[in-house]
Amino acid sequence: MELKRVVVTGLGAISPLGNTLAATWEGLVNGVSGAAPITHFDASKFKTQFACEVKNFDPVAYFGKEARKLDPFTQFAVVAADEAVKDAKLDQEGIDKNEVGVVWGAGIGGIVTYFNEVSEYVQGDGTPRFNPFFIPKLIADIAPGYISIKYGFGGPNYGTVAACASSTNALANSLDLIRLGKATVIVTGGSEAAIVEPGVGGFSSMKALSTRNDDPKTASRPYDKNRDGFVMGEGGACLVLEEYEHAKKRGAHIYCEVVGSAYSGDAYHLTAPHPEGEGAARVMANALRDASLKPEDIDYVNTHGTSTPLGDKGEIKAILKVFGEHAYNMNISSTKSMTGHLLGATGALEAIACVKAIEEGIVPPTINHFEDDPEIDSKLNLTFNKAQKRNIKAALSNTFGFGGHNSTVIFKAL
């Protein structure tokens, strides 16, 4: 069967760089770091005492009394989705809401709710007094459920969980649902809110986090010789994907086309990436095949680029394996150097960076580069420290997660 074309018609974000898409993109282009000392709890006894938090967000002002029913990860999902739905004008008359679905990614879900509820029980007298919203606030699929209820979207509705690849999986699933005619529009993306004691403590115990407490803003330094781990982030990002003819017919603003995606498994280790980037190379190659593109068609790669010693090296090896000599003609960057790592939401936020890069002709930088790593090819254009102008016809975004989950999505200018 002939697959339908899929385009992006709406964007929304709440991130450590700003509580709107415009503020987030401005921060990315200007190389702003969202890292600062943790304010959500007293982190003075933790090895890592900083993160990339969402700032100046008052859920009660946004949701009113409804805020108490929603874990922060769902709050972030709704804020991002609200902006994207309005941007795509899905809230106007003439939209068949039964043809609009919601597919949303979260790697962890309501860990803030879980920690608070269990802490209260353990510290109490043993009498079970759990909040009646405990389970609905906790489960990772409640975010797409809530969004669909709010807008009356009756199409496909579910959550995707693949650790840090969760929201890229959501995007890829949404692409296929529309391609196959199982939905006309999908509100998709991801959200995460894990900057809480067990979240920070758990990743810290694995030695996954940077401990650069004396200088948080330069702690996330992908590809730098002295990188020492990732910086945890939080927030939400949303893209509205739509069947091309439907978008044209209703006069929607089209940002770009979504042309391909793929998944792979490292089949190697619970938390460590494959040292030669085999799964990463396979997922990029398969995404290019799915998009009917050649390696030399890609102008920009937004890498997973977490600022971990092993992960950054493996991904660069994979890029060189897939793109060969063309790797030296592309722009490559890691926006996690600014936003931190939003875990299950990171893929959606980085997809937005690709979409905006195509629209604006600007590649956001990899900030905090101070010293070349001799194990990373210095001839690659890793867009260090400053954004670069470039006409981008096609951009590829990678996300990889614990468990060896790899996902890639490709965007193309119309």
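Q: Which helix gives the largest share of the lining of the largest pocket?
A: Keep in mind that this is a predicted model. In the lining of the largest pocket, α11 (309-323) and β13 each supply at least two residues. The largest share is five residues, and it comes from α11.

Q: Which residues lie nearest the centre of the largest pocket?
A: This pocket holds about 580 Å³ of space. Its lining is made up of 33 residues. Those nearest the centre are Thr271, Ala272, Pro273, Thr308 and Phe402.

Q: Is Phe402 buried, partly exposed or exposed?
A: Buried means under 20% relative accessible area, and exposed means over 50%. Phe402 comes out at 30%, so it falls in between and counts as partly exposed.

Q: How do the rings of Phe203 and Phe402 sit: stacked, edge-to-face or tilted?
A: A pair of aromatic rings is described by the distance of the centres and the angle of the planes. Here the centres of Phe203 and Phe402 are 6.1 Å apart, and the planes meet at 45°. Stacked needs under 30 degrees and edge-to-face needs over 60, so this pair is tilted.

Q: How many residues apart in sequence are the parts that the Phe203 and Phe402 pair ties together?
A: Phe203 is in helix α8 (residues 197-205), and at 12% relative accessibility it is buried. Phe402 belongs to the loop between β13 (394-401) and β14 (405-412). The pair therefore ties together parts whose separation in sequence is 199 residues.

Q: What is the angle between the ring planes of Tyr62 and Phe63?
A: The whole structure has 10 aromatic pairs. Tyr62 and Phe63 form one of them, a tilted pair with 4.8 Å from centre to centre. Tyr62 is partly exposed at 37%, while Phe63 is buried at 13%. The angle between their planes is 55°.

Q: Which residues do ring pairs link into a cluster?
A: Tyr62 and Phe63 form a pair, and the linking goes beyond these two. The cluster consists of Phe57, Tyr62, Phe63 and Phe76.

Q: Over which ring does the charged end of Arg5 sit?
A: The charged end of Arg5 is 4.3 Å from the centre of a ring. That ring belongs to Tyr244.

Q: What do the buried residues of α4 pack against?
A: Helix α4 (residues 111-123) has 13 residues and reaches 18 Å, close to what is expected. Its buried residues are Ile111, Val112, Thr113, Glu117 and Ser119. They pack against α3 (72-88), α5 (134-138) and α8.

Terms used. Residues are numbered from 1 along each chain as its sequence is written. This is a predicted model: local features need pLDDT of at least 70, side-chain atom pairs count only at pLDDT 80 or more; totals for chains, interfaces and linings use all residues. Side-chain values use heavy atoms; hydrogens and water are left out. Rings of Phe, Tyr and Trp (its six-membered ring) pair if their centres lie within 6.5 Å; planes under 30 degrees apart count as stacked, over 60 as edge-to-face and the rest as tilted. Buried means under 20% relative accessible area, exposed over 50%, partly exposed in between (1.4 Å probe, protein chains only). Helices (H or I, at least four residues) and strands (E, at least two) are DSSP runs, numbered from the N terminus. A charge sits over a ring if NZ of Lys or CZ of Arg is within 6 Å of the ring centre and within 35 degrees of the ring normal. The expected span of a helix is 1.5 Å times one less than its number of residues. Contact means heavy atoms within 4.5 Å. On a 1 Å grid over the protein atoms alone, a cavity is a set of points where a 1.4 Å probe fits but cannot get out, and a pocket is an open set with protein on both sides within 12 Å along at least five of seven lines; lining residues have an atom within 4 Å of a point. Grid points are joined across faces, edges and corners, and a volume is the space filled by probe spheres set on the points.
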